[in-house]
Structure formats: structure tokens, C-alpha cells
Amino acid sequence: MKTTRRPASLRMVAARAGVSIATVSRVVNGNPGRISQSTADLVNDVARALDYRSHSVGKALRTGESRVIGVLAAKLSNPVMAAIVAAIERSLRVGGFTMVLCDTHEQADLQDEHLRELDAQLARAIIMVVAVPSRRLDEARANGRPLIFVNRRDPGSSTSPYIGVDHYQAGRDVAAVCRARGFSQPAVIYASLAHTTAMQRLDGFISGWREMGGAGELERLGGFSDDHLEGGYFAAKALFQASRQADVIIALSDLLAYGAFRCLYERRMRVPEDIAIVSFDDGPLNAWVAPWLSAVRCSFEAIGEAAMEVLQALLHDGSCGDRIVPHEIVIRTRGEASAFPALT
């Protein structure tokens with residue numbers, strides 16, 4: 001029968017080192033007092049050999065400080081969300097913190113459930129990667145809990161620290177690129193305009209397009225599905241079912257662009273030769289699977305580093321401003337229709 005090894009305890013470390021439990025407790029909790037350096041070194045060596053882990057919740061209760069940082073992200077199945085979270089985790093780990101990750105699926109009730117549990121775990125701060133309005137988020141803000149918002153601003157306050165791209169300016173920059181490449185009939189596709197990120201991208205594009213001389217009514221299609229892949233597919237399908245003309249599709253996310261591409265592929269349309277697609281996010285898969293997709297790109301590593309900087313500032317004096325991450329537009333002009341299997 002396989003036996004389960006008991007976690008090492010203070011008593012076990014003390015017995016192996018030949019010192020008192022109180023001595024071990026002071027050393028592992030960083031308060032050695034008058035304990036000699038040689039004794040402290042011995043205790044630390046034994047603790048490592050036994051793989052001793054101090055009880056972080058108990059320590060947090062005693063000191064009022066926790067090393068746990070909660071990260072709530074929406075839809076981790078999205079490669080962009082996963083890339084942002086991975087960058088944040090790396091920065092937190094280097095900074096001496098431990099990340100507890102929860103997927104909210106962009107649902108208010110689930111977001112509140114995770115916030116409640118992170119309170120129970122004494123999380124030092126919460127990083128919200130694409131937050132939605134919810135009751136417990138309002139309570140956390142009102143109670144002064146350190147909150148950081150990534151990729152989407154706080155839905156309940158304009159003063160909470162934000163880390164991410166200037167989405168409005170990114171939309172304007174996409175319009176400028178489209179004009180420079182000679183496009184004249186853009187169609188914008190979206191999943192929902194209920195949140196600030198999508199609206200800012202759309203507003204920026206419309207503003208830039210008009211300012212740069214774009215004429216005619218802009219096609220806008222969306223609201224077909226909360227799933228961005230399906231939303232992009234059905235938005236593109238609606239565009240052509242209505243016999244509308246477009247020479248470039250502006251997708252407000254990468255996943256919308258993937259869905260639109262599938263629809264175009266079924267119609268035997270070449271991308272970008274027959275119609276181009278420009279999106280936002282430029283997730284890590286694009287360079288490998290979407291050589292046809294031009295996109296707004298920012299550094300995920302820069303987001304992770306900014307999250308650590310903002311966190312340290314909040315924990316130090318309770319205040320911090322926004323961190324706007326620079327962006328660029330990656331232009332891809334090579335189609336790869338032959339890389340996909342034939343449709344039956």
C-alpha cells in the first residue's frame with residue numbers, strides 16, 4: 001500500500017535541528033531576534049531538507065500581510081487572456097508573490113464567488129483582467145481593497161488603476177493604416193458593445209476614418225453570439241448575405257477575426273487577396289496560424305511588468321496612476337488558404 005508522506009511541521013524541524021519549536025518559529029517567520037546566525041542557518045537547512053512550508057494564512061493573520069495575489073481573468077480559453085495572465089504570473093513570482101488564478105467567464109455571479117473566496121484566503125490584492133460590474137466588486141472597491149484593472153477599465157470607477165493599451169487611439173491607428181493601404185469600404189464586426197474596450201476601439205476607428213476622409217456608411221455587424229469565434233463567423237456571414245460590399249473587415253478581437261476567416265474560407269474567398277482582415281490583440285498564435293491577419297499588438301511582458309509596478313505602489317502608499325502600454329500594428333499580407341483542408 002502506498003503511504004502518504006505527512007507535511008513537515010515545526011515540531012519535526014525542531015527535533016531534527018535539536019532546538020526548540022519557538023526557535024524554529026522565529027527563524028522561519030523572519031524574526032530571529034537574538035538567535036545566532038549559525039543556529040538560524042541550521043534551522044533553515046533542516047527546513048529545506050524536510051521541505052517545510054510555513055502556514056501562510058496563519059502568518060498573514062499574525063503580520064497583516066499576505067503574499068497571495070488573486071488574479072481574476074475572463075475566458076482563459078482565449079489565447080490572449082492566457083498570455084496576459086502568464087506574463088503577470090512571471091512578474092509576481094519574481095516579486096515574491098504567489099498568484100491564485102480564477103476564470104470569471106465574464107459572468108458577474110462567478111466573479112463575485114471568486115472575490116468572496118479570495119477574501120477568505122486573505123489575498124493581499126486583486127488583479128482583474130477584463131472585469132464586469134458586480135456587487136462584490138463594488139464592495140471591494142468601497143472597502144479600500146487594492147484593485148488593479150488590466151485590458152478593461154474598472155466598470156464602476158474612473159479612478160481605479162488601469163494597465164493596458166489606449167484602445168481609442170489603437171482604433172484611430174487602425175483607421176490610418178486602412179486608409180494608407182487604400183481600403184475604401186471597411187466593415188466592423190464585434191461580439192458586444194456593452195463594455196468599454198469594444199466601444200473605445202470602435203469609436204476610435206470611426207473617428208479616425210472620418211477624419212482621414214473615409215466616406216459612406218460604415219457597416220457594423222455584431223451581437224450574434226457571446227462566443228467571439230461564433231460571433232465573428234455569423235457577422236461575416238450576415239455581411240455577405242445582405243450583399244454588402246467590403247474590402248476590409250475590422251474585427252474588434254482576434255477570435256472574431258478567426259470566426260470571420262472561417263466564413264470567408266467557406267465562400268472560397270482569399271484573405272487578404274480578396275478581402276483583408278485587421279484585428280486587435282495579436283495573440284501569440286497569430287504569427288503561427290494566421291499569416292493573413294494584420295493586428296494591433298502590445299507587449300504582454302510589458303503588461304506583466306506594469307502590474308508588478310502598480311501593485312508595489314498600491315501596497316506602499318495606496319495610490320497609483322494608469323500604465324498605458326505602447327502598441328503597434330503588425331501588417332501581414334500573406335494568405336495561406338492551401339494550409340487548410342478542402343471543404344466537403
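Biologist: Is C298 buried or exposed?
Modeller: This is a predicted model, and the relative accessibility of C298 in it is 13%. The cut-off for burial is under 20%. C298 therefore counts as buried.

Biologist: How many disulfides does a search of the whole structure find?
Modeller: A disulfide needs two cysteine sulfur atoms within 2.5 Å. For C298, the nearest cysteine sulfur belongs to C320 and is 18 Å away, and C298 is in no disulfide. C320 is likewise in no disulfide, its nearest cysteine sulfur being that of C298. For the whole structure, the number of disulfides found is 0.

Biologist: Which residues does C263 touch, leaving aside those up to four places away in sequence?
Modeller: C263 sits in helix α11. Its relative accessible area is 4%, so C263 is buried. With sequence neighbours up to four places away left out, C263 touches Y233, A236 and K237.

Biologist: What is the accessible area of the nonpolar surface patch with L285, W288 and V289?
Modeller: V289 is in helix α12, residues 286-289. At 46% relative accessibility, V289 counts as partly exposed. L285, W288 and V289 together have an accessible area of about 370 Å².

Biologist: Which peptide bond is cis, with omega near 10 degrees?
Modeller: Most peptide bonds are trans. P272 lies in the loop between α11 and β9. The cis bond with omega near 10 degrees runs from V271 to P272.

Biologist: What is the phi of V130?
Modeller: Most residues other than glycine have a negative phi. V130 lies in the loop between β3 and α7 and is buried, with a relative accessible area of 9%. The phi of V130 is positive, near 70 degrees.

Biologist: What is the phi of D281?
Modeller: D281 is in strand β9. At 14% relative accessibility, D281 counts as buried. Its phi is a positive value in a residue other than glycine, near 110 degrees.

Notes: Residues are numbered from 1 along each chain as its sequence is written. This is a predicted model: local features need pLDDT of at least 70, side-chain atom pairs count only at pLDDT 80 or more; totals for chains, interfaces and linings use all residues. Side-chain values use heavy atoms; hydrogens and water are left out. Buried means under 20% relative accessible area, exposed over 50%, partly exposed in between (1.4 Å probe, protein chains only). Helices (H or I, at least four residues) and strands (E, at least two) are DSSP runs, numbered from the N terminus. Contact means heavy atoms within 4.5 Å. Patches are made of residues with over 30% relative accessible area and no salt bridge: like charges are joined within 9 Å, nonpolar side chains (Val, Leu, Ile, Met, Phe, Trp, Tyr) within 5 Å. Accessible areas come from the Shrake-Rupley method with a 1.4 Å probe; for residues, only the protein chains shown count as cover. A salt bridge is a side-chain nitrogen of Lys or Arg within 4 Å of a carboxyl oxygen of Asp or Glu.
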